[in-house]
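Hi,

Here is the structure I said I would pass on. Have a look at it first, and then read on for what turned up.

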Amino acid sequence: MAPSGHTPAGGEREELIARIGEKVTTAGARILMTGEAGIGKSTVLDRVVASAQERSPILFARARQYDQHRFRGLRDLMQDVEAARFAALPAAERTALLHVLDRSPANGPVAPGAVAAGVTHFLARLAADGGILAVDDWQWLDGDTRGLLELALDRPVVRRGLRVVATRLHDPSMTVADHRPVFGPGDVVRVEPLGAATMRTMLVDAFGTQLSAADRSTVLRLSSGNPLLAFELAEEHVRGNHTALPTSVLDAVRGRTERLPADVRHLLELVAVLGGVRAETLVAAGAVEPDTVDAAVRDRVLTRDSGQLVPDHPLLGSAAIELLTASDRAALHRRAAALPLDAVRRVRHLDLARPAGPDALLAAELDQAVDRAAAAGASVDAHRLARRALERTDASAPERTGRALRAAGTAFRAGEHTDVLTVLRDVDVRSLDVPQLDEFVDLLVDAEQHLHGPAAVLERVSDLQALFPEPGPHRDVLEVARLAFSQNVRSGGAAGHPDEDDLHAVGLRIAPDVAPRALFSALHWELLDRLEHGEGVDPGLDARIRELDEATPPAAIRDDVLAAEANFVYQCDDLQRSHWLLPALIVRLEDNGQLTRLADALANATVVSVLSGELDKAAALLARAEDATHVLAREPASFHRARGLAAIARDDTAALESVLAEALPPAMGGRAAVLRSGLIGLHAAYEGSWDDALPHLRRAHATAEEGGILEPGRRLWVDVELARACAATGRRDEALGIAAALDRIATHPGRQHARGQARRVRGLAELAQDPTRAVRYLTDALVDIRAGGFVLERLRTETDLVRALLAAGRHQDARALHATALTAARRVGEPRILRDLQQLAATVRDDETLSSLTAAERRVAEAAASGRTNREIAAAFHVSVRTVETHLANTYRKIGVSTRTQLALHLRGRDD
């Protein structure tokens with residue numbers, strides 16, 4: 001929406017306009033202009049916007065007090081945005097955003113998360129272009145628009161770049177908290193009254209000789225530098241009214257409204273209460289005559305804005321409504337409800353038209369409006385309607401509990417966590433059936449945890465359990481929450497796990513179609529506990545999770561079930577299942593606009609692709625994850641793990657250092673130390689810097705053990721590289737101890753990769769003492785590791801086996817495996833694996849040459865390389881000196897050397 005024209009205020013405002021104009025050129029600038037009604041805030045804003053739009057893209061909206069229709073402000077902000085600007089958004093976000101902007105239909109309900117994600121991504125791109133968001137009367141933005149803007153502006157990528165300039169009516173009771181989260185106390189700029197000289201010039205320019213010098217002096221004295229009040233007072237004097245003069249802008253506007261012809265005043269009231277409407281709609285409905293519309297526009301009561309009639313000044317609409325009695329306001333809303341409005345706006349006016357108190361029919365209509373608002377992605381609007389439906393329901397009505405739970409649910413989706421608790425406080429918990437209690441506890445726990453932390457959750461749940469002292473399904477629902485949060489409190493908020501046996505027992509008693517939320521919580525915690533202890537995914541637990549998915553629980557539970565399976569199973573060796581499930585999860589989360597969970601899924605998909613040797617695919621997934629995290633207040637822990645492992649796979653030291661320098665989420669607790677030490681250790685180990693790797697790998701391993709993280713896949717598989725470092729530095733017993741721990745993990749079902757890594761570690765530990773035995777272990781290891789699909793680990797194991805085969809004298813087998821591994825490594829493109837195999841190529845070639853020597857030639861060559869003379873060699877092997885000379889000549893020719901020194905160096909290089 002383009003800003004309107006402005007009334008000149010002389011040079012007095014120029015310094016303020018210049019100062020704001022200069023500040024708004026700074027990335028991330030925030031300016032909130034406040035002042036009394038009529039002081040000229042809009043004029044200053046219009047001037048700033050007019051100047052800035054020559055160099056910056058601008059979104060502009062002028063909010064209206066009574067126009068609280070969902071997304072009204074967003075539509076005003078984006079009505080002039082070209083369609084091409086939306087093309088860069090992800091498809092699900094683009095579809096949702098264009099629908100709420102009334103630019104395209106949606107196929108099915110619109111997910112609020114998709115709308116929020118679309119707005120956030122759009123504003124992030126606007127910020128990158130140096131754009132400005134300008135809003136006149138910020139306090140009157142509709143709830144859904146304001147919520148979306150506050151959410152987007154809380155994201156670092158938007159907050160640091162987008163410039164925001166807005167106005168707000170000054171209210172002496174307004175606190176700093178009223179400005180947040182968008183504006184801070186240092187962002188507030190007070191628009192002061194104009195000086196007498198400027199006011200005098202404005203009055204002379206506007207009224208000339210119609211206003212005498214004496215009257216002008218009176219106007220200047222009474223208006224106190226408020227230009228709107230001055231103009232209203234001047235018009236009173238011109239009309240000959242010199243006595244009953246207004247003392248404030250509001251008084252002046254009320255007086256003007258009272259003097260309007262009845263038909264014009266009624267039209268103003270209707271336009272104000274609707275927040276804007278097309279004249280054709282009113283005329284076609286018989287609500288007004290065309291001549292009345294023309295008169296209202298001619299007399300500057302109404303103006304046309306983007307095809308709609310709106311009050312010429314916001315205060316005119318406010319005054320018209322405030323002058324009405326309660327019964328007149330009800331009648332006005334009945335008139336509005338009789339117009340051809342959409343169903344949600346109509347029922348809102350019906351609600352305001354009817355007497356306060358229970359109204360069963362109206363409550364039912366409000367229920368339908370909640371559905372429509374939610375389907376349109378308007379979570380704030382849906383919550384307001386749900387609250388009204390609850391308030392219109394008699395306390396004894398059977399629908400009361402269902403509407404209370406619904407209102408709490410809409411509050412949670414709208415981010416109104418305090419209201420969740422307010423609504424639930426009035427629910428009679430004893431009267432809830434099990435499905436209702438399941439929903440009640442789910443909402444209560446989420447809101448309490450968000451507002452007050454795990455300890456508050458535990459206290460509330462314990463109080464509720466006192467209402468159900470006897471064993472039964474009600475108590476089981478509460479017991480799941482108690483078990484989960486009691487351990488969370490004991491561990492100080494860090495990742496901790498409740499007693500697995502207790503949770504398992506409670507979970508077995510809960511039917512999936514009765515309390516799906518509680519059951520999912522029990523299964524989720526049990527799944528995590530088993531994973532942490534290296535037990536993998538138990539088939540029985542997996543079957544229960546699938547049963548829950550098939551029981552058609554709420555969509556959010558289905559998403560959680562899929563996420564739990566897709567994001568976790570690769571960490572306990574089932575790489576292929578995550579490979580299949582993650583794409584489906586990513587599509588679902590994209591469609592729902594759940595950016596935090598989407599970033600988590602993309603990060604896990606990145607790790608799966610790295611482990612699978614699909615490094616180009618991993619880079620593309622990581623780029624998508626980075627795009628998702630840009631609009632989050634905080635990245636998920638999996639994102640840092642994915643960045644680190646991707647950097648190591650690319651041998652990108654700078655990218656790894658960037659990850660290590662970042663502040664990791666506090667919620668990671670001890671996992672942060674495991675991640676940092678593990679990444680440093682892995683990087684050094686893959687470089688072959690064993691002395692550097694060893695302390696970091698030991699620290700990561702010990703920290704994980706202390707934190708109860710026994711699953712190797714949950715601690716970056718540092719176990720294997722720690723064992724390799726131990727074997728390489730002569731710590732055979734320590735390496736074998738790690739192999740034994742991996743063997744214990746491998747006893748659980750489906751742990752083929754763990755078994756392969758245990759055998760690999762044993763092979764590496766035996767290599768120095770018994771190469772033949774090492775070959776057997778590594779050969780068996782390779783079978784298991786190949787079957788698991790861990791391509792990078794397969795290539796590393798093949799490299800280990802090539803070395804073992806050479807040490808065991810099996811040169812032909814080494815050459816064959818080396819050729820296969822080198823071809824695969826070139827295709828995968830992991831730099832350090834490829835480098836190791838290329839370095840081995842020379843050794844393989846040398847051994848191939850040496851293998852062409854006869855046994856006698858080999859014995860003579862080794863003796864000569866050790867420094868013996870030909871006579872000493874002849875005596876030692878009981879042959880003639882001539883025979884020794886013949887053997888040496890053949891050896892020199894076969895391996896391409898010409899002196900004893902070259903021969904010694906060649907043989908020493910092979911041994912090294």
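Predicted model: local features only at pLDDT ≥ 70, side-chain atom pairs only at ≥ 80, totals over all residues.

To start with, in which sense do strand E6 and strand E7 pair, and over how many bridges? E6 covers residues 302-305 and E7 covers residues 308-311, and they run antiparallel, joined over four bridges.

Five strands form an open sheet with parallel pairing, and their order is E2-E3-E4-E1-E5. Strand E2 (58-62) and strand E5 (188-190) are the edge strands, each pairing on one side only. From one strand to the next the twist averages 15°.

Over at the E2 side, this strand pairs with strand E3 (residues 132-136) in the parallel sense, over five bridges.

How do H36 and H37 lie relative to each other? The axes of helix H36 (residues 690-706) and helix H37 (residues 718-728) come within 9 Å and cross at roughly 140°. The two helices are therefore oblique to each other. The crossing in which H36 passes H37 is left-handed. On the H36 side, the contact is made by Trp690, Leu694, Leu697, Arg698, Ala700 and His701. H37 brings a list of its own, including Val718, Asp719, Leu722 and Cys726.

Last, a single residue that I would click on. Glu766 sits in helix H39 (residues 752-766). Is Glu766 buried or exposed? With a relative accessible area of 6%, Glu766 counts as buried, because the cut-off for that is under 20%. Its side chain makes a polar contact with the side chain of Arg732, at 2.8 Å. Leaving aside neighbours within four places in sequence, Glu766 is in contact with Arg732, Pro771, Arg773, Ala774 and Tyr777.

That's everything I have for now. Happy browsing!

How values were computed. Residues numbered from 1 in each chain as written. Heavy atoms only, no water. Pairing = 2+ DSSP bridges. Axes fitted to C-alpha atoms, helices over the stretch in contact; angles between N-to-C directions. Buried < 20%, exposed > 50% of the residue type's maximum accessible area, 1.4 Å probe, protein only. Polar contact = N/O pair within 3.5 Å; in protein donor to acceptor, adjacent residues only side chain to side chain. Contact = heavy atoms within 4.5 Å. Parallel < 35°, antiparallel > 145°, perpendicular 65-115°, else oblique. Left-handed = near helix turned anticlockwise from the far one by under 90°.
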